[in-house]
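Thank you all for coming; I would like to take a few minutes to walk you through one structure, starting with a loop and then working through the strands, the helices and the charged pairs. Please have a look at it while I talk.

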Amino acid sequence: MKARVTIMLKDGVLDPQGEAIRHALGGLGFAGVSGVRQGKVIELDLAAADAEAARAEVARMCEGLLANTVIEKYAVEIV
């Protein structure tokens, strides 16, 4: 079973990398981009056979290591 975790900065947290990307896109002629938020995607191969148990295990991984829950939010997708 595979899990995909998408991690993004929470709303209201400054995103300097996103701003740098927005600025660079403007320099390349993409003037219509008014905001960029940058994040990360982590894919996990899991031994779990039950989707709900896998989702709960991945949530514990996020809370313990994968995401800084003070400034980041995450979404878990079982694929």
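This is a predicted model: local features need pLDDT of at least 70, side-chain atom pairs count only at pLDDT 80 or more; totals for chains, interfaces and linings use all residues.

Let me begin with Ser-34, which is placed in the loop between H1 and E2, where the helices (H or I, at least four residues) and strands (E, at least two) are DSSP runs numbered from the N terminus. Ser-34 counts as exposed, at 74% relative accessibility; here buried means under 20% relative accessible area, exposed over 50%, and partly exposed in between, with a 1.4 Å probe and protein chains only. From Ser-34 to Met-61 the separation is 27 residues in sequence and 33 Å in space, C-alpha to C-alpha.

Residues are numbered from 1 along each chain as its sequence is written, and side-chain values use heavy atoms, with hydrogens and water left out.

Now the overall picture. The chain has two helices and three strands, and from the N terminus on its elements run β-α-β-α-β. The radius of gyration of the chain is 16 Å, well over the 12 Å that the globule rule gives for 79 residues, so the chain is more spread out than a compact globule; that radius is taken over C-alpha atoms, and the rule is 2.2 Å times the number of residues to the power 0.38. The C-alpha trace spans about 50 × 25 × 15 Å along its principal axes, and 19% of the 79 residues count as buried. If we look at contacts, meaning heavy atoms within 4.5 Å, residues 24 or more positions apart account for 68% of those in the chain with a separation of 6 or more.

Turning to the strands, how many bridges join E1 to E2? There are seven, and the two strands run antiparallel, where pairing requires that DSSP finds at least two bridges between two strands. Within this pairing, Ile-7 stands opposite Lys-40 in E2. E1 also pairs in the antiparallel sense with strand E3, residues 72–78, over seven bridges, and there Thr-6 has Ala-75 as its bridge partner.

Leaving aside neighbours within four places in sequence, Leu-9 is in contact with Leu-14, Asp-15, Arg-37, Ile-71, Glu-72 and Lys-73. The C-alpha atoms of Leu-9 and Gly-39, which are 30 residues apart along the chain, are separated by 6.9 Å.

As for helix H1, its twelve residues should span 16 Å at 1.5 Å a residue, and its end C-alpha atoms are 16 Å apart, which agrees; the expected span is 1.5 Å times one less than the number of residues. Just after H1, Gly-29 takes a positive phi of about 100 degrees.

That leaves the charged pairs. Side chains of opposite charge can pair when their charged atoms come close. A search of the whole structure finds six salt bridges, each being a side-chain nitrogen of Lys or Arg within 4 Å of a carboxyl oxygen of Asp or Glu.

One of them joins the side chains of Arg-4 and Glu-43, at 3.0 Å from N to O, and this pair links distant parts of the chain, with Arg-4 in strand E1 (residues 2–9) and Glu-43 in strand E2 (residues 39–45), 39 residues apart. Arg-4 is partly exposed, with a relative accessible area of 27%, and Arg-4, Glu-43 and Glu-77 are linked in a network of salt bridges.

In H1, which covers residues 16–27, Arg-22 and Glu-19 are three residues apart and therefore separated by about one helical turn. Their salt bridge has its closest N and O atoms 2.5 Å apart; Arg-22 is partly exposed at 23%, and Glu-19 is partly exposed at 40% relative accessibility.

Finally, Glu-52 and Arg-55 both lie in helix H2 (residues 51–66), three residues apart, about one turn of the helix, and their side chains meet in a salt bridge of 3.7 Å, N to O. Of this pair, Glu-52 is exposed, with a relative accessible area of 53%, while Arg-55 is partly exposed at 31%.
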